[in-house]
Amino acid sequence: MEELIKIYLPAIFIIAPIYAVIVRILFKKSFLAKLGYTLIVLIIVSTLTTITVEKLHLPKIIGIVLRVTYLILTLVYLRTEIKILRELTHNIGKIADLNLNISINPKHTKRKDEFGDLARSLSKMQSQFTQMLSSLQNSSQELSNTSDTLSSISQEVANSASEQASSTEEVSVSLEQILASVKSNAENAQTAKTITTQTSEDVEKNKEVIFKALESIKEINKKIIHISDIAGKTEILSINAGIEAARAGESGKGFAVVAKEIRKLSDDIQTLTVKINNMVKENLTISRLAINKLEMIIIGVAQSAELISNIAVASREQENTIQQINNAVLQLSTATNQNASSAEEMATSAEELQALAQSLNELIHQFKLH
Amino acid sequence: MVDKTKYYKAKLKEPDFLRIARFIEKNYGIRLPLTKIIMVQNRLYKRLVATDITSFEEYVKFVFSPAGKLELEAMVDEITTNKTEFFREKAHFEYLDKKFFHSAPRDKVFKIWSAGCSTGEEAYSLAITAEKHRIKYSIVATDLSVKSLEVAKKGLYPQMALTHVPGEIISKFFEKKYIDEKIFYQVKNLLKNHIKFYKLNLKSSSFNVPFDLDIIFLRNVLIYFSMETQSQVLAHVIEHLSPGGLLFIGFSETIYKRDLPLKRLGPSIYKKI
């Protein structure tokens, strides 16, 4: 036994440091190094206990009890060392359940072994994820809000575009009606122009008729002067006949009566011719007046014909212009209709986007951060 | 969600337009010169959307095929529909109000025809004018467009349509309604009970209208017809007017035909002799 001690003790005290160095080299700061050290300490203590029990001649049972105690102490030590692992696993489990609200004992993160690394990584993961998810939550909330706004704006745009479309359509229909009216006006003006032209020609013909009448009256005038002349000569003849009848005496008495009657007749004729002459003159004045009036009518009719013609041309022009305006309005209406349907589509897309943002938001909110 | 923009890219080409124009003029008397091509194109976009056809070539083919019979009616509706308003061309209603109904007998039932009534505003305006004088009356109101007649029968108008109608008339003959937070006015049965709305083509050979009418409103209808059709329709229409009855035509319309038994009473107002 003595010999055994002699060999064992030095061997242990030489081997133990070498073992410690090897463990240190092999496992560095790993938990396994702790295990290694614990193992050698257990062996040393156990050996020393054996030696002590032998030397002091103590009952064997004390050695066994001491050894069991060492073993239990070792196990208790290892259990406390391993406890961190349970804590960390528990936290990882929480994260797996999307709960980032975990607390890691700062004591653990200060450890230098793998468990320390694990605790630090977990802690880092927690803080990084929390930060990232928090900003993701904010962004998705913003996205949801923005798509909300977008949806209502595009709905508004769609509504006003469709209102605009129906308004332009109404404008176009009204223009179409105006167009029909203007066309009708143009046609009316055209007809009026034809009628006035006809009237103008008729009046012109009328003027010629009156001119002819005027000529006839002038002719009548000449003839009456001639008659008056004849009457004058007849009078002289009747005077002469009277003288001759007086000279004939009793036998000429009857003739004198005839001559006197003839003179009276020629007198009457002369009075009549004067009257007719006056009438003719009056007639001439009236006819000239009529011609003047007719000429004024001709000018008036010609002017109205011209005006109506202008109206006809202007109405046609108006018709063309309104047609062009209406075409432009119709194109506008097409464009507005296109816009309306695009806006409607946009509104639908915005609604889809809104739904997506909502579900994204819900997904992200499944993570418990605080 | 249907992408509607694709329909609005379609273009109506001349041969297809001419086919439609010939059909409309032949059957309904309405002239559609080539200048109306854009108007027709624009009005038919709605039909492209409704039928889910993306080109006018295909649409025209479909509409004139046996399968397109219903669509043909919708197409005619779209092309021939025109806007109207309450108390449009006011002078005519003033004439009835101040000169005609004013001294009219209270026991006689006045028979009135609103020819080309569109969405019914003219017929209701006539009814309101008659009601004002407690005149007994019955109105027939006809139009070519089934769609317009549906609106007319419903008698539901947006607030905008009654902008120029006096408040006391609105409160007496209309009921205010809110639909989708917008204000509408519903014509009361008090007027509706006197009016019959139905489809009638003025180009057809016989009209389902009484022959002893007292008043005919044929306003802003003739302007869409050719001169020849105008004369035919006019002669045909006044056959339904009893002697002494009144004919009202649009302000820009003229009666060219001189041999009609009509005496002019005022601007676009005629009396049958």
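This is a predicted model: local features need pLDDT of at least 70, side-chain atom pairs count only at pLDDT 80 or more; totals for chains, interfaces and linings use all residues.
Residues are numbered from 1 along each chain as its sequence is written, chains are lettered from A in the order in which they are written, and side-chain values use heavy atoms, with hydrogens and water left out.

**Exercise 1. The interface**

Task: Describe what chain A and chain B bring to their contact.

Step 1. Start with the residues: 30 come from chain A and 27 from chain B, where contact means heavy atoms within 4.5 Å.

Step 2. Turn to the area. About 2600 Å² is buried between the two chains, with carbon and sulfur atoms giving 50% of it. Buried area is the accessible area (1.4 Å probe) that two parts lose on being put together, summed over both. Of the area that chain A buries against chain B, 20% is supplied by Glu176(A), Gln177(A) and Leu330(A), more than any other three residues.

Step 3. Look for polar links. The rule finds 13 residue pairs in polar contact across the interface, both residues being at pLDDT 80 or more. A polar contact is a pair of N or O atoms within 3.5 Å; within protein, one must be able to donate a hydrogen and the other to accept it, and residues adjacent in sequence count only if both atoms are side-chain atoms.

**Exercise 2. Salt bridges**

Task: Find salt bridges across the interface and within chain A.

Step 1. Apply the rule: a side-chain nitrogen of Lys or Arg within 4 Å of a carboxyl oxygen of Asp or Glu. Over all chains, this gives 28 salt bridges.

Step 2. Three salt bridges cross the interface of chain A and chain B. Glu176(A) and Lys36(B) meet in a salt bridge at 2.6 Å, N to O.

Step 3. Within chain A, Lys34(A) pairs with Glu81(A), their closest N and O atoms being 2.8 Å apart.

**Exercise 3. Two helices in chain B**

Task: How do α1(B) and α4(B) cross?

Step 1. Locate the helices (DSSP runs of H or I, at least four residues, numbered from the N terminus). Helix α1 of chain B covers residues 14–28 and helix α4 covers residues 69–80.

Step 2. Their axes come within 12 Å and cross at roughly 85°. Axes are lines fitted to C-alpha atoms, for helices over the stretch in contact, and angles run from 0 to 180 degrees between N-to-C directions. That makes α1(B) roughly perpendicular to α4(B), the class for 65 to 115 degrees.

Step 3. Ile20(B), Phe23(B), Ile24(B) and Tyr28(B) in α1(B) meet Leu72(B), Met75(B), Val76(B) and Ile79(B) in α4(B).

Key:
Angles under 35 degrees count as roughly parallel, over 145 as roughly antiparallel, 65 to 115 as roughly perpendicular and the rest as oblique.
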